[in-house]
Amino acid sequence: MWQFPNCLGAMDGKHITFRPRRADGAFYHNYKGTDSIVLLGVCDAKYRFICVDVGQTGRMSDGGVYNNSKLSSAIKTNALNFPDDITFPNSKSKIVVPHVFIADDAFALSERLMKPFRNRLLTKEELIYNYRVSRARRVIENAFGILANR
């Protein structure tokens, strides 16, 4: 849908601010200077949440929240029953492409988790890839916005 074939969903974290108990001290304090818990969400191309993990402390990064999530464990152990990899019919080199989730630079790159190239002297193909990742990733940002408005 967003010119990113084999993409199962877009992933990101959202800080949910709240007022913790005094006894918790700085346990929930985040880099933004507020107290929060992190909502890790994955949504499909139609803005539907397909996976949510909530409750990690705000002081954790999005990548740290993902690493501690059941989703990360399920991906690493291949427990999600991913669809079979696809060989694109028009490719000359018969490239096999796995199904993946996309995320921003806060997440670690892996076989099932793709993120944009860093912005240093990128080739035309890398710029096109980054643009497509960006378009596909906007879905999770918009889904968080829709959720927050409700």
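**A helix across a sheet**

Mentor: Let's take α3, which lies across β1, β2, β3, β6 and β7 and runs at about 45° to β1. (Axes here are lines fitted to C-alpha atoms, for helices over the stretch in contact, and angles go from 0 to 180 degrees between N-to-C directions; helices, H or I with at least four residues, and strands, E with at least two, are DSSP runs numbered from the N terminus.) Keep in mind that this is a predicted model: local features need pLDDT of at least 70, side-chain atom pairs count only at pLDDT 80 or more, and totals for chains, interfaces and linings use all residues. Residues are numbered from 1 along each chain as its sequence is written, and side-chain values use heavy atoms, with hydrogens and water left out.

α3 covers residues 124–149, 26 residues in total. From first C-alpha to last it reaches 37 Å, close to the 38 Å expected at 1.5 Å a residue (that is, 1.5 Å times one less than the number of residues). Its buried residues are Y129, N130, V133, R135, A136, R137, V139, I140, A143 and F144; buried means under 20% relative accessible area, with exposed over 50% and partly exposed in between, using a 1.4 Å probe on protein chains only. An α-helix has 3.6 residues a turn, so residues three or four places apart point the same way. The buried residues of α3 pack against β1 (7–17), β2 (36–43), β3 (49–57), β6 (100–102) and β7 (113–114), where contact means heavy atoms within 4.5 Å.

Now for the sheet itself. It is open, has 5 strands in the order β3-β2-β1-β6-β7, and its pairing is mixed. β3 and β7 stand at the edges with a single partner strand each, so one side of each has no neighbour in the sheet. (Two strands pair if DSSP finds at least two bridges between them.)

Go strand by strand. β1 and β6 are parallel, over 3 bridges, and A10 has I102 in β6 as its bridge partner. β1 and β2 are antiparallel over 8 bridges, with T17 opposite S36 in β2. β2 is mostly covered, 7 of its 8 residues being buried. β2 also runs antiparallel to β3, joined by 7 bridges, and L40 stands opposite D53 in β3. The hairpin of β2 and β3 has 5 residues between the strands, and there Y47 takes a positive phi near 65°.
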